[in-house]
Amino acid sequence: MESSISSIAIKYEGGIGDVLLFNRFVPAILSKYPNAKLHAFLDSEGNTMQEKVLRHLFGHLYSSITTIKNMKNLLSLPSGGTKTRLGS
């Protein structure tokens, strides 16, 4: 039975070591959901080093890689705002 999941968002936290160590799970995710596109979001307070390393070593595994500049601002919503789910 083929999975209906088409996109998976992965939020990375921590330093470069955390990002590298988590990537050992990515082949298993892709194996379970072969048609899914992976989107990486790096919560590194705007530091782009993790993004550069991830793109260089594992860029072929991801459809997109984005550094989150300010997580606190991203999570605060104006009154009456709504959160939307990434992907479909």
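A residue counts as buried under 20% relative accessible area, as exposed over 50%, and as partly exposed in between. In this predicted model, isoleucine 16 has a relative accessible area of 32% and is therefore partly exposed.

Isoleucine 16 belongs to helix H1, which covers residues 16-22. Together with Leu20 and Leu57, Ile16 forms a nonpolar patch on the surface. The accessible area of these three residues together is about 220 Å².

## Helix H3 and its two faces

Helix H3 spans residues 49-58, and its buried residues are Gln50, Glu51 and Leu54. Seen down the axis of H3, these buried residues fall within an arc of 100°, so they line one face of the helix. The face turned away from this buried side carries the exposed residues Lys52 and His56.

The packing partners of the buried residues of H3 are strand S1 (7-13), helix H1, strand S2 (37-43) and strand S3.

## Serine 64 in strand S3

Strand S3 comprises residues 64-68 and includes serine 64. With a relative accessible area of 24%, serine 64 is partly exposed.

Leaving aside residues up to four places away in sequence, serine 64 touches Leu38, His39 and Ala40. With histidine 39 there is a polar contact between the two side chains, at 2.7 Å. Phenylalanine 41 is 23 residues from serine 64 in sequence, while their C-alpha atoms are 8.4 Å apart in space.

Methods. Residues are numbered from 1 along each chain as its sequence is written. This is a predicted model: local features need pLDDT of at least 70, side-chain atom pairs count only at pLDDT 80 or more; totals for chains, interfaces and linings use all residues. Side-chain values use heavy atoms; hydrogens and water are left out. Patches are made of residues with over 30% relative accessible area and no salt bridge: like charges are joined within 9 Å, nonpolar side chains (Val, Leu, Ile, Met, Phe, Trp, Tyr) within 5 Å. Accessible areas come from the Shrake-Rupley method with a 1.4 Å probe; for residues, only the protein chains shown count as cover. A salt bridge is a side-chain nitrogen of Lys or Arg within 4 Å of a carboxyl oxygen of Asp or Glu. Helices (H or I, at least four residues) and strands (E, at least two) are DSSP runs, numbered from the N terminus. Buried means under 20% relative accessible area, exposed over 50%, partly exposed in between (1.4 Å probe, protein chains only). Contact means heavy atoms within 4.5 Å. A polar contact is a pair of N or O atoms within 3.5 Å; within protein, one must be able to donate a hydrogen and the other to accept it, and residues adjacent in sequence count only if both atoms are side-chain atoms. The arc is that of the directions from the helix axis to the C-beta atoms.
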